[in-house]
Amino acid sequence: MIEQCRADELGEGYRDDIAGVLAHGFAEDFAFFSPDPARVAAAFAHMLILERFYVTLVDGQPAAVASLTTGEQECFAPVAAELRAHLGAIHGSISYQIVRSQFLGAYPEPSPDLAEIGFVTTAPGFQRRGLARALMQHLVIDTGFQRFVLRDIKDTNQAALQLYRGLGFREYERRPVRFARRAGFHEYLSLRLESDGVGDS
């Protein structure tokens, strides 16, 4: 059975599993913190604000996740001591600063009818089953907002861009990345959707 729900409705017992989906789904992006997704998950679990995440469950197991925030809301609340405990004193302190600078920061033009979607990913064992699309459709149709933004998608992440464009999201901004050759991509793309539903293309 496949269903979508808000993470806090599942309860604290699911926190580690949700962190695991994020850590494995973004393993390449989170490699700075640790090349071991399990260690990243353990380090990140404490900072998830569960009411800001939505989950696709497959037979009761978290398989895809995404964050949904509005106004000045954040989806993470990092604690330096927790990151140091899992990543070491120096690396944990650096990681705390990176999380604060890269993961925090609300959309600069808030509006009551607008929500930002972020950290959309599917656990490796559940990919190519349409679960991320189903979760995105749930967010767009069932959460009560009329406008949505997705910020800073890598220009090389064609699978995600194809998904979002297929749901009707359109690009509104490109931001070049510094040291593109080292980073492995050239630009961040931001997209938005302003409609009452999702596209079928």
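Arg 6 and Asp 8 form a salt bridge, with their closest N and O atoms 2.7 Å apart. A salt bridge here is a side-chain nitrogen of Lys or Arg within 4 Å of a carboxyl oxygen of Asp or Glu. Side chains of opposite charge can pair when their charged atoms come close. Arg 6 is partly exposed, at 29% relative accessibility. Asp 8 is partly exposed too, with a relative accessible area of 29%. (Buried means under 20% relative accessible area, exposed means over 50%, and partly exposed lies in between, using a 1.4 Å probe and protein chains only.)

This is a predicted model: local features need pLDDT of at least 70, side-chain atom pairs count only at pLDDT 80 or more, and totals for chains, interfaces and linings use all residues. Residues are numbered from 1 along each chain as its sequence is written, and side-chain values use heavy atoms, with hydrogens and water left out.

## Salt bridges

How many salt bridges does a search of the whole structure find? It finds 10.

| Pair | Closest N and O atoms |
|---|---|
| Arg 6 and Asp 8 | 2.7 Å |
| Arg 147 and Asp 113 | 3.1 Å |
| Glu 171 and Arg 165 | 3.7 Å |

Take Arg 147 and Asp 113, which form a salt bridge. This pair links distant parts of the chain, 34 residues apart. Arg 147 is in strand 5 (residues 147-154). Asp 113 is in the loop between helix 5 (89-102) and strand 4 (114-122). (Helices, H or I with at least four residues, and strands, E with at least two, are DSSP runs numbered from the N terminus.) Arg 147 is partly exposed at 24% relative accessibility. Asp 113 is partly exposed, with 24% as its value.

Arg 147 has another partner, Ser 111. The side chains of Ser 111 and Arg 147 make a polar contact at 3.2 Å. (A polar contact is a pair of N or O atoms within 3.5 Å; within protein, one must be able to donate a hydrogen and the other to accept it, and residues adjacent in sequence count only if both atoms are side-chain atoms.) Ser 111 sits in the loop between helix 5 and strand 4. Setting aside residues up to four places away in sequence, Ser 111 touches Thr 70 and Arg 147. (Contact means heavy atoms within 4.5 Å.)

Now look at Glu 171 and Arg 165. Both belong to a network of salt bridges that links Arg 165, Glu 171, Arg 174 and Glu 187. Glu 171 is partly exposed at 35%. Arg 165 is partly exposed at 32%.

## Arg 15

Is Arg 15 buried or exposed? Arg 15 is buried, with a relative accessible area of 15%. Its place is in helix 2 (residues 15-25). The side chain of Arg 15 makes a polar contact with the side chain of Glu 12 at 2.7 Å. A polar atom of the Arg 15 side chain also lies 2.8 Å from the backbone oxygen of Ala 45. Beyond its neighbours within four places in sequence, Arg 15 is in contact with Ala 45, His 46, Met 47, Leu 48 and Leu 50.

## Packed helices

Two packed helices are described by the angle between their axes and the distance between the axes. (Axes are lines fitted to C-alpha atoms, for helices over the stretch in contact, and angles run from 0 to 180 degrees between N-to-C directions.)

Helix 3 (residues 37-44) packs against helix 4 (residues 80-87) at about 155°, with the axes 8 Å apart. Helix 3 is therefore roughly antiparallel to helix 4. (Angles under 35 degrees count as roughly parallel, over 145 as roughly antiparallel, 65 to 115 as roughly perpendicular and the rest as oblique.) Arg 39, Ala 42, Ala 43 and Phe 44 of helix 3 meet Leu 83, His 86 and Leu 87 of helix 4.

Helix 4 and helix 5 pack at about 135°, with axes 7 Å apart. They are therefore oblique to each other. On the helix 4 side, the contact includes Leu 83 and Leu 87. On the helix 5 side, Gly 92 and Tyr 96 are among the residues involved.

## Positive phi

Arg 128 is not a glycine, yet has a positive phi of about 65°. Arg 128 lies in the loop between strand 4 and helix 6 (131-142), and is exposed at 84% relative accessibility. Asp 152 also has a positive phi, near 60°. Asp 152 is in strand 5 and is partly exposed at 34%.
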